[in-house]
Amino acid sequence: MSTGPARRGRPGYDLESLLQVAAKLFNERGYDGTSMEDLSRKLGITKSAIYHHVPGKEELLRLAVDRALDGLFAVADETAELAGPAIERLEHLVRGSVLVLADRLPFVTLLLRVRGNTKVERAALARRREFDHLVTDLVKQAEAEGDVRPDLDPAVAARLLFGTVNSLIEWYRPRRDSPATDLADAVCKMAFEGLRA
């Protein structure tokens, strides 16, 4: 009886590596512009090997955008558990979101590019709106506590805050000599010095 590791097919092509390649191709070519044939060619495996892991392309999209959304909602849940002023919880949420973006860059990039053309995309957009509402509520609380300028509409302030975070996908590239925490510090310093009353 063998006690070695279980076989998983061709080395290096588990669901995680498949997701990484799918997110990269979806970002480069667009979801609609990427076929299962494109994925199989990029991976150097047959389409049936891909179907061993997922029932189709839409499931790859769902798993990829959920990777981003699950990270963001984990930070939101963590933020909800914190005590203290709303402005500090809001800063924690922004900082954590930058770290999720840096850690899951291809997945967050894909999430921010979905347009609602499929059921999966519409579900992702609904979860994004839910996250946006959490941010807006924190801005409202911080304003009520006197820590955010009262002349800012909370929904606009929330969109501007996360517009800044989301814009990082356009230029941020992870580097060993510059940890993501430095980026999160820079975003928070810029954003919160402008928001504080």
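Reply:

**The pocket and its helices**

The UniProt record, in an unreviewed entry, places the feature "DNA-binding region" at residues 35–54; UniProt positions are given in the numbering used here, feature names are shortened, and annotations may be inferred rather than shown by experiment. Over residues 35–54 the chain is 65% helix and 0% strand, with its end C-alpha atoms 14 Å apart.

A word on the ground rules. This is a predicted model, in which local features need pLDDT of at least 70 and side-chain atom pairs count only at pLDDT 80 or more, while totals for chains, interfaces and linings use all residues. Residues are numbered from 1 along each chain as its sequence is written, and side-chain values use heavy atoms, with hydrogens and water left out.

The protein chain has nine helices and zero strands, where helices (H or I, at least four residues) and strands (E, at least two) are DSSP runs numbered from the N terminus. Its C-alpha trace spans about 65 × 40 × 30 Å along the principal axes. Of the 197 residues, 43% are buried, meaning under 20% relative accessible area, with exposed over 50% and partly exposed in between (1.4 Å probe, protein chains only). Among contacts (heavy atoms within 4.5 Å) with a separation of 6 or more, 70% join residues 24 or more positions apart.

Now to the pocket itself. Rolling a probe the size of a water molecule over the atoms shows where empty space is left. Here the search uses a 1 Å grid over the protein atoms alone: a cavity is a set of points where a 1.4 Å probe fits but cannot get out, a pocket is an open set with protein on both sides within 12 Å along at least five of seven lines, and lining residues have an atom within 4 Å of a point. Grid points are joined across faces, edges and corners, and a volume is the space filled by probe spheres set on the points. The largest pocket comes to about 480 Å³. Its lining has 22 residues, and Arg128, Arg129, Asp132, Arg159 and Phe162 lie nearest the centre. By type, the lining holds 13 nonpolar, five polar and four charged residues; Ala, Val, Leu, Ile, Met, Phe, Trp, Tyr, Cys and Pro count as nonpolar, Asp, Glu, Lys and Arg as charged, and the others, Gly among them, as polar.

The biggest contributor is α7, with eight residues. The 26 residues of α7 should span 38 Å at 1.5 Å a residue, and its end C-alpha atoms are 38 Å apart, which agrees; the expected span is 1.5 Å times one less than the number of residues. Buried residues of α7 include Val120, Phe131, Val135 and Leu138, and what covers the buried residues of this helix includes α4, α5, α6 and α8. Just after α7, glycine 146 takes a positive phi of about 85°.

Next comes α6, which is largely enclosed by the rest of the structure because seven of its nine residues are buried. Its buried residues include Leu105, Phe107 and Thr109, and their cover includes α1 (15–29), α4, α5, α7 and α8. Threonine 109 counts as buried at 7% relative accessibility. Beyond its neighbours within four places in sequence, threonine 109 is in contact with Asn27 and Ile169. Threonine 109 and phenylalanine 26 are 83 residues apart in sequence, yet 9.7 Å apart in space, C-alpha to C-alpha.

Valine 75 sits in helix α4 and counts as buried, at 9% relative accessibility. Not counting residues up to four places away in sequence, valine 75 touches His92, Leu93, Gly96, Ser97 and Val100. α5 itself is mostly covered, with 13 of its 18 residues buried.
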